[in-house]
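Subject: Model handover, plus notes

Hi,

Here is the model I promised to send over. Have a look at it first, then read on for my notes.

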Amino acid sequence: MEGMYYIGIDLGTSAVKLILMEKDGTVVNTVSREYPIFFPKPGWSEQNPEDWYENTVGGVRELLNGFDASKVAGISFGGQMHGLVILDENDKVIRPAILWNDGRTTKECDYLNNTIGKEKLAEYTANIAFAGFTVPKLLWLRENEPESFGKISKIMLPKDYLAYKMTGVHCTDVSDASGSLMFDVKNRCWSDQMLKLCGVDRSCMAEVYESFECVGCLTEKAASEMGLDTSVKVIAGAGDNAAAAVGTGTVGEGRCNISLGTSGTVFISSDKFGVDENNALHSFCHADGHYHLMGCMLSAASCNKWWMDEILKTKEYDREQESITDDMLGNNRVFYLPYLMGERSPHNNPAARATFTGMTMDTGRVDMTQAVLEGVAFAIRDSFEVAKSLGINVSETKICGGGAKSRLWCRMIANILNIRVCVPVTEEGPALGAAMLAAVGTGAYRDVYEAAEKIVKVKETILPDEEIAGRYEKKYQQVKKIYPALKPVFDEFD
């Protein structure tokens, strides 16, 4: 397998990112292509799956420009999770995909969690209903668009649509399927009880693979479109968080990864299946063949993007952070709740909203910029605290995502969580994990663990500062009281 290339495709919310990787993990080319996101109503979020594939095809051609396409051995994916993609009997997309950050399913989640009951859901799937999950979307569709629901022949997740278009196989992987609320996580198969509850026949569901398994080779049509050979293997891939975890070497027992992307996650890998009693964290299958716990916040780096782009009207992100010095860390009197899209872990409340609290006449631009960054880190700690309550001892974490490019933000997280933060040499997020899965699936590595050991390297470890961490500990004890106090107010908002 020496001299071969592996393509990793990260199907994100705003763009598809593709990387071309050599066996040793060297990334020789990257391409990114944006596509639109639609908001038909407040709180709704949709995309056209055809846009994903069209940009992926163009992206692969661009990626291979100047490289020997005959040396590509495999392709795999990391993808935005939970999205509902539905195909008719002719495998045509019935309606735009409803995305992970869509908030229209409050009623359906209430029905699932309170009428069906969280205990039943946890028994069937190891998880409870969140607004972004796939099953609440299906129930919404059945109620509000019965004509579309009646046409369903196949139900897919976003990245699996790409795999289908490339291979003709209706497939998914265990990690992405875990976020559908239709999957028996413990036993790694579709839940008959949830299928029945949704009124969906098992024939509508994709075949389930481990993330590192080959689902097929490129069809002649797909190979021709992308300028590749039909011998190229397509590997199932993983949900974006599991793929990002593979890309940072977060595999095996007790490893942690924090992702600061559009959404933010705390990801803790485990050899054993486990669930916290309040289901504040998701319990999912991992791409390494085992399991993981995950806390997901809906707005992370997107909070900073919103603050910079929409409020401050600037693209000079680094310059805005330059004035935040060490003596200011843990001393800010302004707090920010990062709930621009509602929140998942650990509050599970689509009605939650972003707020600034504690402003006075001398509050300035820098204070509020600092508060936004800290607010995201405090929210990550909320999920971290749940993991600690399960007896999981995490002393260090890897970090990835667009927000991880800010050393200040990484330092804040190290001190707010009071753990070591390790910055990987290659910061390619889910795309790198996808390329690694492609390498494993084509036989270049024995398993995901070997690939992670050989490929993932750390360039910097950021240690918490005892004094700053102590200041942040006091601030966290204050900030964690704000959401419970405001929850009754949020629940009354439209």
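First, the ground rules. This is a predicted model, so to speak of local features I needed pLDDT of at least 70, and side-chain atom pairs count only at pLDDT 80 or more, while totals for chains, interfaces and linings use all residues. Residues are numbered from 1 along each chain as its sequence is written, and side-chain values use heavy atoms, with hydrogens and water left out.

**Empty space**

Rolling a probe the size of a water molecule over the atoms shows where empty space is left. The search runs on a 1 Å grid over the protein atoms alone: a cavity is a set of points where a 1.4 Å probe fits but cannot get out, whereas a pocket is an open set with protein on both sides within 12 Å along at least five of seven lines. Lining residues have an atom within 4 Å of a point. Grid points are joined across faces, edges and corners, and a volume is the space filled by probe spheres set on the points.

That gives 5 cavities of 30 Å³ or more. The largest cavity has a volume of about 90 Å³. It has 13 lining residues, with A131, G132, L298, M341 and P350 nearest its centre. By class, that lining holds 6 nonpolar, 4 polar and 3 charged residues (Ala, Val, Leu, Ile, Met, Phe, Trp, Tyr, Cys and Pro count as nonpolar, Asp, Glu, Lys and Arg as charged, and the others, Gly among them, as polar).

The second largest cavity holds about 70 Å³. Its lining includes T134, I155, M156, D160, M182 and W190, and the classes there are 7 nonpolar, 3 polar and 1 charged.

Of its 33 lining residues, T106, N348, N349, P350 and A351 are the closest to the centre. The elements giving two or more residues to this lining are α2 (106-125) and α17 (482-490), and α2 gives the most, with 6 residues. The lining of this pocket splits into 14 nonpolar, 12 polar and 7 charged residues.

**Helices**

Helices (H or I, at least four residues) and strands (E, at least two) are DSSP runs, numbered from the N terminus. Buried means under 20% relative accessible area, exposed over 50%, and partly exposed in between (1.4 Å probe, protein chains only).

How much of α5 is buried? Helix α5 (residues 158-167) has 9 of its 10 residues buried, among them K159, D160 and Y161. G168 follows α5 and has a positive phi, near 80°.

Two packed helices are described by the angle between their axes and the distance between the axes. Helix α12 (residues 365-389) and helix α16 (residues 466-479) pack at about 80°, with axes 11 Å apart; axes are lines fitted to C-alpha atoms, for helices over the stretch in contact, and angles run from 0 to 180 degrees between N-to-C directions. The two are therefore roughly perpendicular (65 to 115 degrees). Q370, E374, F378, R381, D382 and E385 in α12 meet Y472, E473, K475, Y476, Q477 and V479 in α16, where contact means heavy atoms within 4.5 Å. The classes in this contact are 4 nonpolar, 2 polar and 6 charged residues.

**Single residues**

L138 sits in helix α3 (residues 134-144) and is buried, at 1% relative accessibility. Beyond residues up to four places away in sequence, L138 touches L84, F149, I152, I155, M182, C198 and V200.

E62 in helix α1 (residues 49-64) is partly exposed, with a relative accessible area of 39%. Leaving aside neighbours within four places in sequence, E62 contacts N29, V31 and R33.

For the backbone, the S345 to P346 peptide bond is cis, with omega near -5°, and P346 lies in the loop between β20 (335-337) and β21 (355-357). R188 is not a glycine, yet has a positive phi of about 55°; R188 is in the loop between β10 (183-184) and β11 (189-190) and is buried at 17%. K313, also not a glycine, has a positive phi near 55°, in the loop between α10 (301-312) and α11 (317-321), and K313 is exposed at 63%.

Cheers

Notes: Angles under 35 degrees count as roughly parallel, over 145 as roughly antiparallel, 65 to 115 as roughly perpendicular and the rest as oblique.
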